[in-house]
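Reader: I would like to learn how to read a few features of a model. Could you take me through them one at a time?

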Amino acid sequence: MVLTYTADTAAAAWLATSRTPAEQLITFGPSGYEAYARLRYIPDPTSPDQRETDADVPADRELSTPQARRALHVLAEFTTTPDQCFFCVWEGAAGSALSATERHGPMVTVPHRRYVLFTGRLADYIEGRDGPFDGDSAVVPAFVWPADRRWCFTSDVDTHWAGIGADRSAVDTLLSTFGLDVVQAMPSERPPAYR
């Protein structure tokens with residue numbers, strides 16, 4: 001089975017109707033989780049005027065897609081519904097990888113962003129089996145969550161990190177996973193940003 005486009009956006013209504021402030025929603029997901037973290041694709045800036053292109057990134061550091069897949073592999077242990085997950089892809093991120101139906105069909109709309117919705121098994125995304133999601137440079141979904149909503153993974157286009165909301169044990173496991181650059185976060189506080 002592969003990830004499948006769905007025109008039925010009802011599963012994403014909890015995002016679209018969330019009262020979470022817009023900036024917090026698109027970077028950390030809905031409020032209400034016990035703990036939050038950031039998966040840093042590249043290190044945080046070391047000075048206020050630093051540009052992302054000047055980041056001190058080790059040559060062997062994985063791209064964002066493999067890092068996201070590794071974090072989602074950890075999160076898979078913290079849901080009862082890993083075979084029923086949802087994936088929002090920002091309409092501008094996938095470009096020509098989306099079909100005309102997907103680009104022009106119903107979208108999930110939150111303040112300042114619109115997304116195409118896919119559904120499928122978490123393992124299919126983690127293993128990079130199809131469509132705009134295959135390969136190491138593939139699209140990282142803007143939102144990923146299981147049907148039981150035990151956690152929410154967000155990866156906004158404007159940040160150098162992904163936000164994760166989950167229960168404390170899931171976040172603690174991410175924090176202690178070797179090879180993942182994960183730090184605790186407070187969604188109400190502004191994270192470090194590149195200029």
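Author: Let's begin with burial: a residue is buried under 20% relative accessible area, exposed over 50% and partly exposed in between, using a 1.4 Å probe and protein chains only. This is a predicted model, where local features need pLDDT of at least 70 and side-chain atom pairs count only at pLDDT 80 or more, while totals for chains, interfaces and linings use all residues. Residues are numbered from 1 along each chain as its sequence is written, and side-chain values use heavy atoms, leaving out hydrogens and water.

Reader: Is Thr-6 buried or exposed?

Author: Thr-6 is buried, because its relative accessible area is 17%. For contact, look for heavy atoms within 4.5 Å. Not counting residues up to four places away in sequence, Thr-6 touches Leu-117 and Phe-118.

Reader: How should I read strands and their pairing?

Author: Helices (H or I, at least four residues) and strands (E, at least two) are DSSP runs, numbered from the N terminus. Two strands pair if DSSP finds at least two bridges between them. Take strand 3 (residues 85-90), in which five of six residues are buried. With strand 5 (residues 113-120) it pairs in the antiparallel sense over six bridges, and Val-89 stands opposite Val-116 there. Strand 3 also runs antiparallel to strand 6 (residues 143-146), joined by four bridges; here Phe-86 has Trp-145 as its bridge partner.

Reader: How many disulfides does the structure hold?

Author: A disulfide is a covalent bond between the sulfur atoms of two cysteines. The criterion is a pair of cysteine sulfur atoms within 2.5 Å, and the structure holds zero of them. The sulfur of Cys-88 is too far for a bond, because the closest cysteine sulfur, in Cys-152, is 8.6 Å away. Cys-88 is buried at 0% relative accessibility, and Cys-152 is buried with a relative accessible area of 0%.

Reader: And what describes a pair of aromatic rings?

Author: The distance of the centres and the angle of the planes describe it. Rings of Phe, Tyr and Trp (its six-membered ring) pair if their centres lie within 6.5 Å; planes under 30 degrees apart count as stacked, over 60 as edge-to-face and the rest as tilted. By this rule the count comes to eight aromatic pairs. Phe-28 and Trp-161 have ring centres 5.0 Å apart and planes at 35 degrees, so they form a tilted pair. Phe-28 lies in helix 2 (residues 22-28) and Trp-161 in strand 8 (residues 161-166), so the pair ties together parts 133 residues apart in sequence.
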